[in-house]
Amino acid sequence: HHIVVLRENSKAQLFIDGTQIGDALAISNSLIKVDSLGAILGQEQDSVNGDFKQNQSWAGEIDNMRIYNRSLSKNEIQIINDKEGRVK
C-alpha cells in the first residue's frame, strides 16, 4: 500500500493508495523536531526519552520512505501513487 500523511499548518490528511481517508484532522502547528542522532522508524516511544517496547515494533517492511520539506498537492500524491504501480 502507498500511505501518505500530508501536514499543512495545523491540519493533517491521510491518503491510502491515492485516496484521501476522512477529513483533515486538527494537529499541533509546531515544527516537527528530529533528534540530532536521527529518527527511528517502525517503533513508537511511550514518552519523550522513554523506552521502546519490543512488542510495539513494526512487523513488516517499509520501502521507498520519503520526507518532503513542503506539502504535496493531491495531484502530486496521485502521480506518486500511480508511478509506484499501486492499485486502487
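Visitor: What makes Val4, Leu6, Phe15, Leu72, Ile77 and Ile80 a nonpolar core?

Guide: In this predicted model, these six residues form the largest nonpolar core, and the term stands for a set of buried Ala, Val, Leu, Ile, Met, Phe, Trp, Tyr and Cys residues joined through side-chain atoms within 4.5 Å. Buried here means under 20% relative accessible area, exposed means over 50%, and partly exposed lies in between, with a 1.4 Å probe and protein chains only. Strand E1 and helix H1 each supply at least two residues of this core. In soluble globular proteins, nonpolar side chains tend to be buried together.

Visitor: Which residues does Leu72 touch, leaving aside its neighbours within four places in sequence?

Guide: Leu72 is in contact with Leu6, Ile77 and Ile80, where contact means heavy atoms within 4.5 Å.

Visitor: How do you know which stretches are called helices and strands?

Guide: They are DSSP runs numbered from the N terminus, a helix being H or I over at least four residues and a strand being E over at least two. By that rule the protein has one helix and three strands, which follow the pattern β-β-β-α along the sequence.

Visitor: What makes E1, E2 and E3 an open sheet?

Guide: Two strands pair if DSSP finds at least two bridges between them. The order is E1-E2-E3 with antiparallel pairing, and the edge strands, E1 (3-8) and E3 (19-26), each pair on one side only.

Visitor: What is found in the turns of the two hairpins?

Guide: The hairpin of E1 and E2 has two residues between the strands, and Asn9 in the turn has a positive phi of about 55°. The hairpin of E2 and E3 also has two residues between the strands, and there Asp17 takes a positive phi near 50°.

Visitor: Why is the pair of Arg70 and Glu76 called a salt bridge?

Guide: The term requires a side-chain nitrogen of Lys or Arg within 4 Å of a carboxyl oxygen of Asp or Glu. The closest N and O atoms of Arg70 and Glu76 are 2.9 Å apart, so the pair meets that limit. By this rule the count comes to one salt bridge.

Visitor: Why are Arg70 and Glu76 called partly exposed?

Guide: Arg70 has 45% relative accessibility and Glu76 has a relative accessible area of 26%, so both count as partly exposed.

Visitor: What should be kept in mind about the model and its numbering?

Guide: Residues are numbered from 1 along each chain as its sequence is written, and side-chain values use heavy atoms, with hydrogens and water left out. Because the model is predicted, local features need pLDDT of at least 70 and side-chain atom pairs count only at pLDDT 80 or more, whereas totals for chains, interfaces and linings use all residues.
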